[in-house]
Amino acid sequence: MAEAAAHKPWSMAQVVTASSAGTAFEWYDFFIFGSLTPIIAKVFLAGLDPTGALVAALALFAVGFAFRPLGAILFGAMGDRVGRKATFLTTVTLMGGATFLIGLLPTYEQAGIIAPILLIFLRICQGTALGGEYGGAAIYVAEHAPDHKRGAATGWIQSSASFGLLAALLIIVATRTAVGEQAFASWGWRIPFLVSIILLGISVWMRLKLSESPHFTKLREDGEVSKAPLREAFADRQNLKRVMIAFFAIMCAQGAVWYYTFFYMQVFLEKSLGLPGATKDMLLIVMTVVSAPLYVFFGWLSDRVGRKPVMLGGMLLALALYFPASHWIAKAANPTLVAAQQATPVVVETDLATCTAQFDPTGTAKFTSACDIAKSSLVNRGVAYSTRASGDGQTRVIAGNQSASIAGGDGLTEAELKALKKQSSDAINAELAAAGYPASADPAQANMPMLIAILLLFVVAATALYGPQAAALVEMFPTRIRYTAMSLPYHVGTGWVGGFLPVTSFAIVALTGDIYAGLWYAVAFTAVSAITTILFLKETRGKPLEHC
């Protein structure tokens, strides 16, 4: 096996470059959807009110993640039976085709309900493809790398996520600048999706030049390829135990920390704090650029000190940051809003029996009571509020000596309800303005150095956890079931824990009226992983990858 791992430097460089480039392309495809969530809401969900459209768009984003475990099962079994190379060629082609077609879809205005249905189908294709991509690329690189350099080598696969996100952001910003905001909202949003066909061609060409993994090649030569990798991975007690430890010790935190840092942070900055989208994009670009070398650095560090201490350090740093740092971010990004909420808290006075949970993952609920209409308007503005019972059963939004009465919409037609919600929102916005609440954040008043510094602390936490992760997961499983056994916990963690973090956290904020309450989702999953890592995760640094 030492001979299998010994390759010329140019050969290892080719393996890392081709694998990372293909994975970066798939992340690009996936990330442009997340970055364009507000526009997706307007284009494909025009029949919903603004809050419902945003929640539904976040749910559409989550749909892609929901199907990643299915892709992990399908392509994981394919990777363990057919080979690593053929499998990730298939996944990159499926992802690229789906992304290109999103750029050709009709809008809600053009095709009605057919538009979001087609979008959901293509998101399912994207999620399924990504479910097979990451495991294949990480395993392919790990099975080529020397045992003592595996963390640094697979760190490049981890950094491919930042390269994909960076490419998505840069193309979006360049397109917005070139065509203008109005044209971008109308048709320019299609360009980032259509550009993917060029990246697809490059990725397929690079991967076609690669040979099969040396470990899988030897497995096949020895006649030891698994005929039933799913049963072997999940029915065998010892292998199933490894899968469970991988999920609870590593992937719960990965889904929470990474997706809070790079996805929910976008919702928090733009929706809750009112930071302009262009400013938010530039901050995310800074975070992404800084993160790219950190993945490789922390992978390299894990080759020296171990996977476990580096990943655990990332988890503990995130837990220490979540609540205090989110308050610091709010004060740095929109000090006027923070000052207004401290000086003049908002209260929703209403009949408490008419208030609902406001949890709407599909974005189709009507929310017709006066209480729900009032809360929905406040959440859409990113304004925190408390709720108390009214003596007369009427609903009022109170800010200091300002008050706005809100009427219910029971029995109204859809058009009448939409008009009532707009009227209520206008009345609340006027009241908030009179009470000193800003309509949006003013970047000129933001403390940008402080804001960037705090955001970069989250980047350090996310990259410390993610950098050594590929090597740690690969080293947990034997070669004959590695693709299957590694892919499923990874994509359940990132696909379900991480993918549903934005929509769930946003819904928790809507439920409680507290813009920080959504943090409990990330805190809970990160804490579970930290405890499980301390108690059950074994150190695997430098472990040989001989097959069983």
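The crossing of helices H5 and H23 is right-handed; a crossing gets that name if the near helix is turned clockwise from the far one by less than a right angle, and is left-handed if anticlockwise. Helix H5 covers residues 68-81, and its axis comes within 8 Å of that of H23, at a crossing angle of roughly 165°. Axes here are lines fitted to C-alpha atoms, for helices over the stretch in contact, and the angles run from 0 to 180 degrees between N-to-C directions. H5 and H23 are therefore roughly antiparallel to each other. On that scale, angles under 35 degrees count as roughly parallel, over 145 as roughly antiparallel, 65 to 115 as roughly perpendicular, and the rest as oblique.

A word on what you are looking at. This is a predicted model, in which local features need pLDDT of at least 70 and side-chain atom pairs count only at pLDDT 80 or more, while totals for chains, interfaces and linings use all residues. Residues are numbered from 1 along each chain as its sequence is written, and side-chain values use heavy atoms, with hydrogens and water left out. Helices (H or I, at least four residues) and strands (E, at least two) are DSSP runs, numbered from the N terminus.

Back to H5 and H23. Contact means heavy atoms within 4.5 Å. On the H5 side the residues that meet H23 include Arg68, Pro69, Ile73, Phe75 and Asp80. On the H23 side they include Arg482, Tyr483, Leu488, Val492 and Trp496. By class, this contact of H5 with H23 has 10 nonpolar, 7 polar and 3 charged residues. Ala, Val, Leu, Ile, Met, Phe, Trp, Tyr, Cys and Pro count as nonpolar, Asp, Glu, Lys and Arg as charged, and the others, Gly among them, as polar.

Phe67 has 29% relative accessibility, so it counts as partly exposed. Buried means under 20% relative accessible area, exposed over 50%, and partly exposed in between, with a 1.4 Å probe and protein chains only. Which residue lies 8.8 Å from Phe67, C-alpha to C-alpha, although 429 residues away in sequence? That is Trp496. Leaving aside neighbours within four places in sequence, Phe67 is in contact with Ile124, Gly127 and Thr128.

Next, helix H8. Helix H8 (residues 114-142) packs on H23 (residues 482-498) at an angle of about 125°, with the axes 9 Å apart. H8 and H23 are therefore oblique to each other. Their crossing is right-handed. In H8, the residues that meet H23 include Leu130, Tyr134, Ala138 and Ile139. In H23, the partners include Met486, Ser487, Tyr490 and His491. By class there are 7 nonpolar, 6 polar and 1 charged residues in the contact of H8 with H23.

One more residue of H23 is Gly498. Is Gly498 buried or exposed? Gly498 has 0% relative accessibility, so it counts as buried. Beyond its neighbours within four places in sequence, Gly498 is in contact with Gly255, Tyr259 and Gly493. Its C-alpha atom is separated by 36 Å from that of Lys218, 280 residues away along the chain.

H16 (residues 277-305) and H21 (residues 448-466) have axes that come within 9 Å and cross at roughly 35°. H16 passes H21 in a right-handed crossing. Among the H16 residues in this contact are Leu283, Val286, Met287 and Phe298, and among those of H21 are Leu451, Ile452, Val459 and Tyr466. The contact of H16 with H21 has 16 nonpolar, 3 polar and no charged residues.

Last, the cysteines. How many disulfides does a search of the whole structure find? It finds 1, where a disulfide is a pair of cysteine sulfur atoms within 2.5 Å. The partners are Cys355 and Cys371, with sulfur atoms 1.9 Å apart. The torsion about their S-S bond is about 105°, so the disulfide is right-handed. Cys355 is in the loop between strand S1 (346-350) and helix H19 (370-381), Cys371 is in H19, and the two are 16 residues apart. Both Cys355 and Cys371 are buried, Cys371 at 0% relative accessibility. Contacts of Cys371, other than neighbours within four places in sequence, are Thr350, Thr354, Cys355 and Thr395.
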